[in-house]
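Visitor: Hi! I'm new to this one, could you walk me through it?
Guide: Happy to. Let's bring it up and start.

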Amino acid sequence: MMEEKDNVSTPAQPPKKHNKFVQYFIDLGARIKGWFAGKFNAVKEFFHGFSKEARAEKKALAAEGPQLSRGEKFRRGFRAQSGWLFVAPALILMAVFTFYPIIAAFIGSFKQEYLGMTGKFKGWGFENFIRVLKGDTGTGGANFVQCLVNTLLLTFVSVPLSTLLALLISVALNSIKRVQKAYQTIFFLPYLTNALAMGAVFATFFKIIGTVNNTETVGIVNIVLGWFGMKPVDWVGINSPVWYLGDLRIPWAKYIVAIIYEIWSGLPFKILILFSAMQSINKQYYDAAKVDGASRWTILWHITAPMIMPQISYLLVTGIMGGMKQYSAIVGLFGETMGMNYDMGTMVGYLYNYIGLGQTGYAYAGSLILFVIIMVITFFNNKLTKKRTTY
Amino acid sequence: MFGLLLITSTGVGWLTALCVLLIIAEIGGIAFLGYKIAHFGKEVSAAVIGKWDLSAGDEGFDAEKAKKIERTKRIVKDVFVYLFLTVCAVLAFLPFYWMLMSSVKTEMEFRESVPTFFPHTFQWKNYWMIFHQVTGTRGGASFGQILINTLVVGFLSTFLGLVVIVVTAYALARMDFKGKNLLFAVMLATMMIPGELFTVTNYITVAKAGMTNSYAVLILPFLVSVYYIYLLRNNFMQIPNSLYQAAKVDGLSDMGYLIKVMIPLTAPTLISITLLKFIGTWNSYIWPRLVNAQSWQLITNWVTGGFVDRLQPTSPWGENWTIYGGNYGNSETLDTLKMAAVCMVSLPLLILFIFCRKYIMRGVSKSGTKG
């Protein structure tokens with residue numbers, strides 16, 4: 001500082017003296033001019049950095065050492081953050097269709113009598129949740145408890161059964177040697193199916209088809225049951241038998257149809273996972289067991305079962321998760337009103353029902369309850385799998 | 001808490017408890033049965049073998065006879081295993097067979113009180129009927145229109161989705177920028193949330209934006225799928241860094257490296273993603289139904305519409321409808337037509353699966369979800 005002062009104070013030609021006030025503005029002007037000049041130079045250098053000469057310069061500079069101009073520094077800093085440009089499309093789409101809906105759902109579920117399309121609501125509170133759980137929405141829509149019971153019942157019956165059957169089939173498949181490939185292909189074939197379309201096929205198995213010459217004609221299942229002397233049951237139609245438990249309806253015949261369909265549609269994926277897991281078990285274990293004189297059941301119970309335990313728990317968890325969100329299978333089987341006035345409704349079906357009715361508040365509340373249930377399952381799953389995989 | 005109280009008060013609690021008990025009993029019972037059978041088998045075989053061992057001392061043990069017994073046991077076991085597998089395979093395949101056969105039956109034959117397992121007469125006209133859909137119950141959406149919708153939406157959403165996914169995954173895997181890890185963590189966290197939660201708001205968003213009844217509304221909300229970004233990012237990360245440096249030395253830009261090196265190397269994953277995205281469009285049902293009118297909907301929506309026809313004396317089937325006891329002019333659902341439509345939706349999937357099994361299974365077995 002002192003040196004600078006000395007330099008300034010001893011020029012060859014002393015500058016013109018102004019009074020303090022004027023000098024201040026002159027200095028200010030010079031400073032502003034300098035600031036703009038600096039920016040202008042920086043911008044100039046920045047664009048200059050793209051030109052051909054600049055590249056040559058840069059190479060020379062790089063050879064000399066890391067002395068970067070301001071523009072070059074800025075350009076490099078900009079470049080370092082250019083990853084944001086790459087993620088921008090995804091980020092914008094997610095902001096609109098993922099992040100915003102999450103916030104909107106949490107806020108909207110506390111708005112009483114909220115109608116999403118107009119944005120009108122009466123006040124804040126837990127009323128949506130209470131009414132959803134009570135089934136007191138006053139709109140003639142689906143009943144939440146009914147939907148919850150349907151979803152839980154269908155999921156917790158069909159997923160274990162289908163996993164068990166898949167396990168049996170894959171054990172059998174694993175134990176044969178001839179035509180294994182052919183069986184494999186047949187079992188994997190329904191792997192890619194359209195849940196709705198195949199649901200319609202299953203419905204034709206079970207339904208009362210129509211009348212010919214004033215006699216009812218029925219689907220295959222009723223015909224087979226007829227061989228055992230059973231009267232035809234309307235499995236999927238409007239006269240399907242229902243038990244009543246208070247307000248709750250238990251359409252048992254429809255449950256059976258839905259469970260059979262879900263077992264069938266869940267099998268290929270489960271067989272695929274279990275079978276490939278069994279195939280990848282090291283053959284040495286089996287050889288060792290055989291040397292020790294273990295029976296087939298011992299081998300199955302003490303070698304195969306523990307080795308595929310992670311896959312089984314994975315299948316149970318993904319099955320339950322998927323079951324909680326089931327919708328299109330039920331629509332395929334029982335039509336778009338999900339049985340008689342949503343007596344086969346699922347939780348997702350409930351949401352869509354209320355979206356369709358325009359009752360956004362109830363739809364939000366229902367979706368948040370579904371979210372909480374799925375989070376609870378995920379939580380227990382994490383606890384369980386951590387324990388199980390350390391055998 | 002009040003929810004729990006409510007649930008118990010309506011008797012659902014009992015039902016749930018009953019179900020849980022049932023399931024436990026079911027699994028326990030099967031396991032116990034299996035255990036018993038195993039033990040029984042063991043005891044029997046021990047007894048048999050023991051007898052043979054005993055008799056060996058007395059009469060001279062016949063090794064060949066023991067072998068024979070072993071072989072018979074194996075054959076019996078094989079018979080049971082093959083029988084079980086065959087029954088299961090037949091049951092697994094039956095819906096497909098029934099779908100195919102029903103789709104070419106005449107409506108009269110389909111409604112017979114004793115169903116035929118092989119059609120007497122093949123009526124290919126059913127397919128002609130669903131393509132031309134004379135009855136007009138479908139709100140003016142012909143099969144051709146629906147197919148064009150599905151293909152356009154399928155290709156566009158697959159292609160654009162792939163671009164977004166690849167670019168994002170590349171940035172997350174290879175580029176350094178502030179907040180990258182936070183961004184990735186947030187993206188992954190959204191995977192935990194069921195997609196149905198978004199649908200409610202998205203519906204309002206697109207409806208307010210006036211986007212309903214367009215292709216864009218079917219494409220935009222599903223372009224980004226975090227799971228595929230995650231999958232591809234992991235694939236990109238596996239490519240060694242030395243390759244990147246080598247490419248730089250050779251004068252490739254970042255974009256050039258992405259296109260010329262990374263995409264070819266991760267082609268299998270990209271093919272899986274492409275197929276699954278397209279299948280996702282093919283199978284999507286709820287969203288198109290919610291936001292679009294029938295003429296803008298996709299192929300799965302087309303299947304669910306009842307294939308209802310007004311029975312006419314001059315029906316295109318040329319059948320005698322009076323046999324059904326119904327009056328002319330009544331609307332009836334024609335299951336054969338519905339089965340033909342189901343075939344049109346299911347068969348492409350089956351064929352795709354047969355030819356691209358490897359790629360589809362790779363994608364699905366990793367994610368546990370289809371489409």
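**A chat about the model**

Guide: This is a predicted model, and we can begin with one residue: A:K134 sits in helix α6 of chain A, which covers residues 127-134.

Visitor: Is A:K134 buried or exposed, or something in between?

Guide: A:K134 counts as partly exposed, because it has 16 C-beta neighbours inside 10 Å. Being buried would take 20 or more, and being exposed 12 or fewer.

Visitor: How far is A:K134 from A:V145 in space?

Guide: Their C-alpha atoms are 7.6 Å apart, while in sequence the two residues are 11 apart.

Visitor: Okay, zooming out. How many helices and strands does chain A have?

Guide: Chain A has 17 helices and 4 strands. It runs to 391 residues, and 36% of them count as buried. If you take the contacts in chain A between residues at least 6 apart in sequence, 66% join residues at least 24 apart.

Visitor: Switching to chain B. What can you tell me about helix α12?

Guide: Helix α12 of chain B has 12 residues, 254-265. At 1.5 Å a residue they should span 16 Å, and the end C-alpha atoms are 15 Å apart, which agrees.

Visitor: Which residues of that helix are buried?

Guide: In α12(B), the buried ones are B:Y257, B:L258 and B:M262. Looking down the axis of α12(B), the buried residues fall within an arc of 95 degrees, so they line one face of the helix. On the other side of α12(B), B:G256 and B:P264 are exposed.

Visitor: And what covers the buried residues of α12(B)?

Guide: The cover includes three helices of chain B: α6 (143-174), α10 (226-238) and α11 (241-249).

Visitor: You mentioned B:G256. How far is it from B:C356?

Guide: The C-alpha atoms of B:G256 and B:C356 are separated by 29 Å, and the residues are 100 apart along the chain. B:C356 lies in the loop between α16 (335-355) and α17 (357-367) of chain B. It is partly exposed, because 18 other C-beta atoms lie within 10 Å of B:C356.

Visitor: What about the largest nonpolar core, which residues have the most contacts inside it?

Guide: That core has 146 residues, and the ones with the most contacts inside it are A:L333, B:A341 and B:V342. Helix α7 (residues 144-175) of chain A supplies the largest share of the core, 13 residues. As for B:A341, leaving aside neighbours within four places in sequence, it is in contact with B:I130, B:W302, B:V303 and B:F307.

Visitor: Last topic: where is confidence lowest and highest in chain B?

Guide: Confidence in chain B is lowest in helix α1 (residues 2-9), at a mean of 38, and highest in helix α9 (residues 216-219), at 91. Over residues 320-326 of chain B the pLDDT is below 50, and that stretch has 14 contacts in the model beyond near neighbours in sequence. Where pLDDT is low, the predicted coordinates should not be read in detail.

Visitor: And what is the average for chain B?

Guide: Chain B averages a pLDDT of 75, with 71% of the residues scoring at least 70. For the complex, the predictor gives an ipTM of 0.74 and a pTM of 0.75.

Notes: Residues are numbered from 1 along each chain as its sequence is written. Chains are lettered from A and ligands numbered from 1 in the order in which they are written. This is a predicted model: local features need pLDDT of at least 70, side-chain atom pairs count only at pLDDT 80 or more; totals for chains, interfaces and linings use all residues. Helices (H or I, at least four residues) and strands (E, at least two) are DSSP runs, numbered from the N terminus. Two residues are in contact if their C-beta atoms, placed from the backbone, lie within 7 Å. The expected span of a helix is 1.5 Å times one less than its number of residues. The arc is that of the directions from the helix axis to the C-beta atoms. pLDDT is the predictor's confidence in each residue, from 0 to 100. A nonpolar core is a set of buried Ala, Val, Leu, Ile, Met, Phe, Trp, Tyr and Cys residues joined through C-beta atoms within 7 Å.
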